[in-house]
Amino acid sequence: VERVELFGLEPSVGQRLEAFVRIRRLEPGGIWADMELADAGAVAIRVTGWHDRRFEFDDRLWPVLRGPERHLLSTIRPEGYSLFHDTYRSAFTRDYLSRRFLGEQERAALDAVGPRRRRSWMAGRVAAKDAVRALLWRRGCGPVFPVEIAVWNEPGGRPRVRAPFLDDVRLSIAHTGELAVALASEGRDVGIDVERVEARPPEFWDVCFTAGERRAIEATEDPIAEATRLFAAKEAVAKSRGEGLGGNPRRLEMTDRDGGALEVGGRRVESRREGDCVVCWTVA
Amino acid sequence: MTGKDGLRDAEREVLEGLAELIREVIGETWAEDIPITMDTSFEQDLELESIELVALAERVRERYGPGVDFTGWLSGMELDQVIALRVGQVVEFIAQCR
């Protein structure tokens, strides 16, 4: 506050005054206002240059702030996976997210993540816990805080989860850029992947695909999108097996393709476009 | 010839070339500053994503020719070996192939 002026007699406790607030300046990081309290039209108190910080809360984050046990920060797609578009940048919001979503051990795990993966790691945890909470709610569970769900990685990278009420929840997490997705299931291994659809050199696709797969891709209307989709499908299947592609996507071959759905390594995979990305996940 | 750093000249040359390819694949400003040595881990230090490992394989093939089958070499490994992979192992592999 720059200045507070009092005019006339100090108002008494419980006295009702009229308040006038004028917003002087509004910026992404702060708000400046002048305020007047008036008694029967005569100004009693004037506050000049009142300044407050604005935080990066939006319509999605606000309900989570008010009732984290009842609201998701991610969107649940009808297909069942969670999608978290992580646009939050400020240090305050990131710290807030980690406190609402991570337990003590998980915060220690976050501290060990390198600078390159930090943001996406956190976004993946948000998507994962929201996917598990949505699964619990579909099973009729009541409010669940994100910190009631523990997510950690096996040494090989595969995520593991401990949730209240359900004994055997399996989980897969993926991210690219600002997007994180996760798929949770009871008693069945699942895999999910998200990749940006973009042109890559032909040699890149040579490394990924067999000759038969390349022919199938070339025969589609949008080969770049189809190639990316098949890559993501392979990654999703590899993850459902608790492995990665290990730098060799040709190891898992496309065994069938029927319009929207793919079959890779004998496992059925579905897909959906999310903006300039494609999401692929395993189904039963 | 073996230099002060214990590397043979051929290995040092491959290390410099491979480090350049890795920086291209990562393509972020911070990658310019991170030291890439024989001991650098792809998973722990570089935090390479799956698709980036494939992109690296493609660049290795482009630079060193089909005689260096990086992808085939990787596919012979178990998952924990891929996770533990260090730059030095790739350098030695490429140097052997040539």
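I'm working on a predicted model.

**Entry: across the chains**

I went to B:R61 with that cut-off in hand. Its relative accessibility is 31%, so I put B:R61 down as partly exposed. Its partner is A:D206, and I read 3.6 Å between the closest N and O atoms of this salt bridge. The pair runs from helix α5 of chain A (residues 202-208), where A:D206 sits, to helix α2 of chain B (residues 50-64), which holds B:R61. A:D206 comes out at 24%, so I filed that residue as partly exposed too.

I then looked up A:R117, which forms a salt bridge with B:E43, with 3.4 Å between the closest N and O atoms. For the interface of chains A and B I noted three salt bridges. I also noted eight residue pairs in polar contact there, both residues at pLDDT 80 or more.

**Entry: the chain B side**

How many residues of chain B are in contact with chain A? I got 23, against 28 residues of chain A. The two chains bury about 2100 Å² between them, and 57% of that is on carbon and sulfur atoms. In chain B, the residues losing the most area are B:E47, B:I51 and B:V54, which together make up 30% of what that side buries.

Which helix gives the most to this side of chain B? I found α2(B), with nine residues. Helices α2, α3 (70-75) and α4 (79-83) of chain B each supply at least two residues. Sorting the residues of this side by type, I wrote down 13 nonpolar, three polar and seven charged.

**Entry: inside chain A**

I looked at A:E274 with A:R77, whose closest N and O atoms are 2.8 Å apart. A:E274 is in strand β14 (residues 267-274) and A:R77 in the loop between β5 (75-76) and β6 (82-85), so this pair ties together parts of chain A 197 residues apart in sequence. Is A:E274 buried or exposed? At 9% relative accessibility, A:E274 goes in my notes as buried. I traced the shared partners as well: A:R77, A:E79, A:R272 and A:E274 are joined into one network by salt bridges.

Last, I checked A:R46, which forms a salt bridge with A:E5 at 3.7 Å between the closest N and O atoms. A:R46 is in strand β4 (residues 42-53) and A:E5 in strand β1 (residues 3-6), 41 residues apart. With 30% relative accessibility, A:R46 is partly exposed.

Conventions. Residues are numbered from 1 along each chain as its sequence is written. Chains are lettered from A and ligands numbered from 1 in the order in which they are written. This is a predicted model: local features need pLDDT of at least 70, side-chain atom pairs count only at pLDDT 80 or more; totals for chains, interfaces and linings use all residues. Side-chain values use heavy atoms; hydrogens and water are left out. A salt bridge is a side-chain nitrogen of Lys or Arg within 4 Å of a carboxyl oxygen of Asp or Glu. Helices (H or I, at least four residues) and strands (E, at least two) are DSSP runs, numbered from the N terminus. Buried means under 20% relative accessible area, exposed over 50%, partly exposed in between (1.4 Å probe, protein chains only). Contact means heavy atoms within 4.5 Å. Buried area is the accessible area (1.4 Å probe) that two parts lose on being put together, summed over both. A polar contact is a pair of N or O atoms within 3.5 Å; within protein, one must be able to donate a hydrogen and the other to accept it, and residues adjacent in sequence count only if both atoms are side-chain atoms. Ala, Val, Leu, Ile, Met, Phe, Trp, Tyr, Cys and Pro count as nonpolar, Asp, Glu, Lys and Arg as charged, and the others, Gly among them, as polar.
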